[in-house]
Amino acid sequence: MGIRTCLVFSALSLTLSLGAQITGGQSTYAFLNLPTSARVAGLAGNLITVVDDDVSLAWSNPAALNPLMHQQLAFNHGFLGKQMQHGSFNFGQQLGQKGTTLHAGVQYARYGEIEQTDEFFQTLGTFNAAEYAIVAGVAHPVYDRLNLGANLRLISSQFGQYNSLGLASDLAATYRDTAKRLTVSMVFRNMGQQLSTYDPSIGKEPLPFDVQIGLSKQLKYLPFRFSFIYTSLNRWNLLYDDPNLESGTIFLGEEAAEPGAFNVWLDNFFRHLVFNGELLIGARENFRLRFGYNYRMHREMTVQGYSSMAGFTFGVGMKLSRFRIDFGRGIYHLAGGQTQLGISTNFKEFKKR
């Protein structure tokens, strides 16, 4: 393995490992699956089923765009590990009086300075790594309960001297019944391909394409909204062979029993699901408490023999004067997790005063 191959391998491994619990290490540009806002980070990293004035929701579901997001600006920044930082900022704008809404922004992931080594693990220096996605999206109501939306992303990825460009799109539909306080969404995420690869000899790699469907319901007599989201609709089997679980240990003269077919099916099924909830406090919902649970992350990130809160998330949001402040925390592993902060405001509120 030469220096060139070693660098490419290190760069791609870093990218894939950051998103491995979502993409399974089978695609590039895995940073696209990182939570794009502190609110989403506190809700198990996925929220495609809510329609309100939060323009950050358009990153994962462009059909969530609506006139309430007109002139809203949102900025989110997260910390993952010792030196990785990521986040997004975007702005919403309504067009005309027909309900068409646009948003545009940038998502980024900066991995910091990485040590460069050769095939003999001799240090040769350091290099920087970062990835960016410029997005533009639009949504339009088909009729009073159904919104259709789309995002288009131009992706740039750089690991030292190796670069890649890509193009991705999202297509989404959201059905909203305000009388029943029910929302159902379906999203086709990250459809597209690489325009240029890190190394011409490697060939084009797939993007983290994912099909998701979800449901949100706000209770009638309690200010609480829960969501169930089914991910990876395009891929049923999310299990993998873990050598740590292949124990040949014989206990009391009997070999450890293999899990039954139904238990395997049930384990795989729940790996598709993300659960979250949001407690909306106050007449204008100015204070919000959040929690979430990602079963797949819990199963894949728990260290064997240790109890773990991996897969659990929590967060809080509050409205202070003209600004909304959000905090989200995700527990990924015994070694640590992700913390994300967000701030948003609407320029219309400044014009009123």
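The exercises below work through a predicted model of one protein chain, each with a solution in steps.

Residues are numbered from 1 along each chain as its sequence is written. Because the model is predicted, local features need pLDDT of at least 70 and side-chain atom pairs count only at pLDDT 80 or more, while totals for chains, interfaces and linings use all residues, and side-chain values use heavy atoms, with hydrogens and water left out.

**Exercise 1. State how many helices and strands the chain has, and what share of its residues is buried.**

Solution. Start with the secondary structure, where helices (H or I, at least four residues) and strands (E, at least two) are DSSP runs numbered from the N terminus; the chain has 6 helices and 16 strands. Next, take burial, with buried meaning under 20% relative accessible area, exposed over 50% and partly exposed in between, for a 1.4 Å probe and protein chains only; of the 353 residues of the chain, 47% count as buried. Finally, turn to contacts (heavy atoms within 4.5 Å): among those with a separation of 6 or more, 57% come from residues 24 or more positions apart.

**Exercise 2. Locate Ala 44 and Asn 190, which have a positive phi, and decide for each whether the residue is buried or exposed.**

Solution. Ala 44 has a phi near 65°, a positive value in a residue other than glycine, and its place is in the loop between helix 3 (38–41) and strand 1 (72–80). With 9% relative accessibility, Ala 44 counts as buried. Asn 190 has a phi near 60°, again positive in a residue other than glycine, but its place is within strand 7 (residues 182–196). Its relative accessible area of 1% means that Asn 190 is buried.

**Exercise 3. Describe the surroundings of Arg 271.**

Solution. First place the residue: Arg 271 is found in the loop between helix 4 (261–270) and strand 12 (273–281). Leaving aside residues up to four places away in sequence, Arg 271 touches several others, including Thr 231, Tyr 240, Tyr 295 and Glu 300.

**Exercise 4. Identify how strand 16 pairs with strand 1 and strand 15.**

Solution. Two strands pair if DSSP finds at least two bridges between them. Strand 16 (residues 336–346) runs antiparallel to strand 1, to which 9 bridges join it; here Leu 73 has Thr 345 as its bridge partner. Strand 15 (residues 323–333) is likewise antiparallel to strand 16, with 10 bridges, and Gly 328 has Gln 340 as its bridge partner. Strand 15 and strand 16 form a hairpin with 2 residues between them.

**Exercise 5. Classify the ring pair of Tyr 230 and Phe 269.**

Solution. Rings of Phe, Tyr and Trp (its six-membered ring) pair if their centres lie within 6.5 Å, planes under 30 degrees apart counting as stacked, over 60 as edge-to-face and the rest as tilted; the count comes to 15 aromatic pairs. The rings of Tyr 230 and Phe 269 have centres 6.1 Å apart and planes at 45°, so this pair is tilted. Tyr 230 lies in strand 9 (residues 224–230) and Phe 269 in helix 4, so the pair ties together parts 39 residues apart in sequence.
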